[in-house]
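Keep the viewer open as you read.

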Amino acid sequence: MKSENQAIHALLTSDEDKILDGWLTEAAAGDPGARRGMQADAAELLRQLRTAIGADADLAHPESPAWNGVRQNLEELSRSRAARGQSAGETSAFVLALKKPLFELLQARHGDTALGGLLWSVTALADKLAQHTVATFQHAREDIIRRQQEELLELSTPVIKLWDGVLAVPMIGILDSNRTQLVMETLLQKIVETESGLAIIDITGVPTVDTLVAQHLLKTVTAIRLMGADCIISGIRPQIAQTIVHLGIDLQGINTKASLADALQLALQKTGWRITRTPA
């Protein structure tokens with residue numbers, strides 16, 4: 001085992017409790033609740049460090065396979081803290097708080113003999129581990145944001161059963177390729193599940209209609225028809241009608257209505273329903 005590894009491993013083995021106590025004191029900044037919450041994470045990371053250094057892992061290259069256990073521990077730490085809403089700065093500060101107790105104990109044990117090299121090795125290692133933690137934290141936050149966006153996307157495209165055999169999809173916001181694909185998949189699945197023969201796509205909440213949006217709508221209508229169902233597009237406001245004409249978009253053969261109520265009335269007629277008003 002290299003001399004630096006041997007010295008640090010001996011310290012981690014004999015003074016583990018002191019290191020852990022000093023680390024938690026530095027990281028928790030006097031908050032007993034935070035200290036208790038950090039204890040398990042700190043103890044496990046110390047164990048992984050001791051294992052890696054005891055296996056003579058290269059202190060200058062924590063990206064090497066010998067450090068896999070430490071890196072995996074830091075990645076799990078970053079993901080869990082990101083899920084709890086903690087910042088990357090707080091997470092890296094927790095790792096860097098290990099420096100002070102290590103420095104103090106190394107100085108007490110070795111004095112000035114070879115202290116410079118040991119301190120530099122420990123400093124470089126702690127910094128690189130903190131950098132890995134921050135990078136993992138950022139990836140974890142990006143994953144959380146992506147999942148939240150997917151969940152919001154699903155919530156923003158509900159398929160509603162308006163009547164027997166009649167489904168509706170109220171579209172709100174910008175209509176892009178991903179959202180159109182989700183609408184198409186969800187709507188087609190609902191058509192199969194409910195054996196519906198007609199679907200209404202309401203674009204009242206779509207702010208603008210351009211060539212791309214129109215193409216998305218046409219693809220959805222085509223897919224619905226291939227399933228043997230019919231489709232009505234509602235929410236065609238005067239501004240949207242003018243835009244469609246100006247862009248030269250061909251909606252011939254597609255039933256369009258100004259409002260969802262008008263579309264529902266047409267849908268009921270197409271499916272053979274008749275609604276009559278009875279005297280109160």
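A nonpolar core is a set of buried Ala, Val, Leu, Ile, Met, Phe, Trp, Tyr and Cys residues joined through side-chain atoms within 4.5 Å. Buried means under 20% relative accessible area, exposed means over 50%, and partly exposed is what lies in between, using a 1.4 Å probe and protein chains only. Before we apply these terms, note that this is a predicted model, in which local features need pLDDT of at least 70 and side-chain atom pairs count only at pLDDT 80 or more, while totals for chains, interfaces and linings use all residues. Residues are numbered from 1 along each chain as its sequence is written, and side-chain values use heavy atoms, with hydrogens and water left out.

With that in hand, look at the core. The largest nonpolar core holds 32 residues, and those with the most contacts inside it are L12, I19, W23, L46, L49, W67 and V70. At least two of its residues come from each of the helices α1, α2 (16-28), α3, α4 (68-83), α5 (88-96), α6 (99-110) and α7 (115-155). The biggest contribution, seven residues, is made by α3. As a general background, nonpolar side chains tend to be buried together in soluble globular proteins.

Leaving aside residues up to four places away in sequence, L12 touches I19, L46, L49, R50, I53 and L102, where contact means heavy atoms within 4.5 Å.

Now for the pairing of α1 with α3. How do the two helices cross? The axes of α1 (residues 3-14) and α3 (residues 32-54) come within 9 Å and cross at roughly 150°. These axes are lines fitted to C-alpha atoms, for helices over the stretch in contact, and the angles run from 0 to 180 degrees between N-to-C directions. The crossing of α1 past α3 is left-handed, that is, the near helix is turned anticlockwise from the far one by less than a right angle. On the α1 side the contact involves N5, I8, H9, L12 and T13, and these meet L46, L49, R50, I53 and G54 of α3. By type, the residues of this contact are five nonpolar, four polar and one charged. In that tally Ala, Val, Leu, Ile, Met, Phe, Trp, Tyr, Cys and Pro count as nonpolar, Asp, Glu, Lys and Arg as charged, and the others, Gly among them, as polar.

From α3, follow the chain into the loop between α3 and α4, where D56 lies. D56 is not a glycine, yet its phi is positive, near 65°. D56 counts as partly exposed because its relative accessibility is 28%.

Further along, helix α7 contains D127. D127 touches L96 and K99, again not counting residues up to four places away in sequence. Between D127 and K99 there are 9.2 Å in space, C-alpha to C-alpha, although they are 28 residues apart in sequence.

Buried in α8 are R179, T180, L182, V183, M184, L187, L188 and I191. In the loop between α8 and β3 sits E195, a residue other than glycine with a positive phi of about 55°. Is E195 buried or exposed? With a relative accessible area of 71%, E195 is exposed.

I240, in α10 (residues 238-247), is buried, with a relative accessible area of 3%, and touches I203, V206, V209 and G235, not counting residues up to four places away in sequence. In α11 (residues 260-270) the buried residues are A263, L266, A267 and L268. They pack against β1 (160-163), β2 (166-172), β3 (198-205), β4 (230-234) and β5 (255-257). Just after α11, G272 takes a positive phi of about 85°.

Note on methods:
Helix = DSSP H or I, 4+ residues; strand = E, 2+ residues; numbered from the N terminus.
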